[in-house]
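This report describes a protein chain through its helices, the contacts between them and selected residues. The sequence and structure are shown first.

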Amino acid sequence: MNIAIQHQAGTLETQVSQDKLEEQELVSGLIARNRAVQKQVYKKYFGKMLGVTMRYTSNREDAYEILNDAFMKVFDSIENFKGTGSLSGWIYRIVQYTTYAHVRKKYKYKVIHEEVKPHLITVDNDAMSNIGLEVIYEMIQKLPNSHRTVFSMFVLDGLKHQEIADQLGISRGTSKWYLAKARIRLQELLKNY
């Protein structure tokens, strides 16, 4: 049994080494502005990164536009990739910040002065756990743009209200208000589902 565990560990180490080597080759090709490598990177990460942009947009065309802009930034700034983390993580951050810039420019946010009372907002977690992830994302797509943006940044990306406020040029209170309203609207959608 100990031999089997050692074999699995060796196989995992080999896979990690191969992945790192492949990533280094991709980075070298991107730095060389090799079009075939750019196409390969685009195909490899497109699906994963599309999920990021889809969380913030109401249609695929906008999501594709943001994603294409983000990949252009990846290709133009590959020299800034330090290699300390994964290429995938670096690309993810570029896609994320490109998306934030898009929604900051495109969506309008009202300045909210009313205080949100978090204890007045309830979410039925049992209803959430009985619904598939695809349906939940579909419901998130139905939120108004500004609500969807703050909800996604807070819940899905894990940003704090001050970080959201800084990214979108709004106040912390406005961020909290949009999150609360998004949760209420999602609750209504869940009940109707």
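## Helix 2 against helix 4

In this predicted model, helix 2 and helix 4 pack with an angle of about 45° between them, and their axes are 10 Å apart. Angles under 35 degrees would count as roughly parallel and those from 65 to 115 as roughly perpendicular; helix 2 and helix 4 are therefore oblique to each other. Their crossing is right-handed.

On the side of helix 2, the contact is made by V41, Y45, K48, M49, V52 and T53. Helix 4 contributes L87, S88, I91, Y92, V95, Q96 and T99. Sorted by class, the residues in this contact of helix 2 with helix 4 comprise eight nonpolar, four polar and one charged.

## Helix 2 against helix 3

Helix 2, which covers residues 35-54, also packs against helix 3, residues 60-76. Here the angle is about 135° and the axes lie 9 Å apart. That angle makes helix 2 oblique to helix 3. The crossing of this pair is right-handed.

The residues of helix 2 that take part are Q38, V41, Y42, Y45, F46, M49, L50, T53 and M54. They meet R60, A63, Y64, I66, L67, N68, F71 and F75 of helix 3. In the contact of helix 2 with helix 3, 13 residues are nonpolar, three are polar and one is charged.

## Helix 4 and two of its buried residues

Helix 4 runs over residues 87-106. Its 20 residues should span 28 Å at 1.5 Å a residue, and the separation of its end C-alpha atoms, 28 Å, agrees with this. The buried residues of helix 4 include L87, S88, W90, I91, I94 and V95. Also buried in this helix are Q96, T98, T99, Y100, H102 and V103. An α-helix has 3.6 residues a turn, so residues three or four places apart point the same way.

V95 lies in helix 4 and has a relative accessible area of 1%, so this residue counts as buried. Apart from neighbours within four places in sequence, V95 is in contact with M49, V52, T53, L67 and A70. The C-alpha atoms of V95 and A70 are separated by 5.1 Å, although the two residues are 25 apart along the chain. T99, also found in helix 4, is buried because its relative accessibility is 0%. Its contacts, again leaving aside neighbours within four places in sequence, are V52, T53, Y56 and I66.

## Helix 7 and the glycine after it

S146, H147, R148, T149, V150, F151, S152 and M153 are the buried residues of helix 7. Just after the helix comes G158, which takes a positive phi of about 75°.

## Two residues in loops

Most residues other than glycine have a negative phi, and most peptide bonds are trans. R33 is not a glycine, yet it has a positive phi of about 60°. This arginine lies in the loop between helix 1 (2-31) and helix 2. R33 has a relative accessible area of 38% and is therefore partly exposed.

G169 is located in the loop between helix 8 (161-168) and helix 9 (172-192). With a relative accessible area of 66%, G169 is exposed. G169 and K105 are 64 residues apart along the chain, and their C-alpha atoms are separated by 10.0 Å.

## The chain as a whole

The protein chain contains nine helices and zero strands. Its pattern, read along the sequence, is α-α-α-α-α-α-α-α-α. The chain has 193 residues, of which 40% count as buried.

Contacts between residues at least 6 apart in sequence were also classified by separation. Among these, 68% join residues at least 24 apart. The pair V95 and A70, 25 residues apart along the chain, illustrates such a separation in sequence.

Methods:
Residues are numbered from 1 along each chain as its sequence is written. This is a predicted model: local features need pLDDT of at least 70, side-chain atom pairs count only at pLDDT 80 or more; totals for chains, interfaces and linings use all residues. Side-chain values use heavy atoms; hydrogens and water are left out. Axes are lines fitted to C-alpha atoms, for helices over the stretch in contact, and angles run from 0 to 180 degrees between N-to-C directions. Helices (H or I, at least four residues) and strands (E, at least two) are DSSP runs, numbered from the N terminus. Angles under 35 degrees count as roughly parallel, over 145 as roughly antiparallel, 65 to 115 as roughly perpendicular and the rest as oblique. A crossing is left-handed if the near helix is turned anticlockwise from the far one by less than a right angle, and right-handed if clockwise. Contact means heavy atoms within 4.5 Å. Ala, Val, Leu, Ile, Met, Phe, Trp, Tyr, Cys and Pro count as nonpolar, Asp, Glu, Lys and Arg as charged, and the others, Gly among them, as polar. The expected span of a helix is 1.5 Å times one less than its number of residues. Buried means under 20% relative accessible area, exposed over 50%, partly exposed in between (1.4 Å probe, protein chains only).
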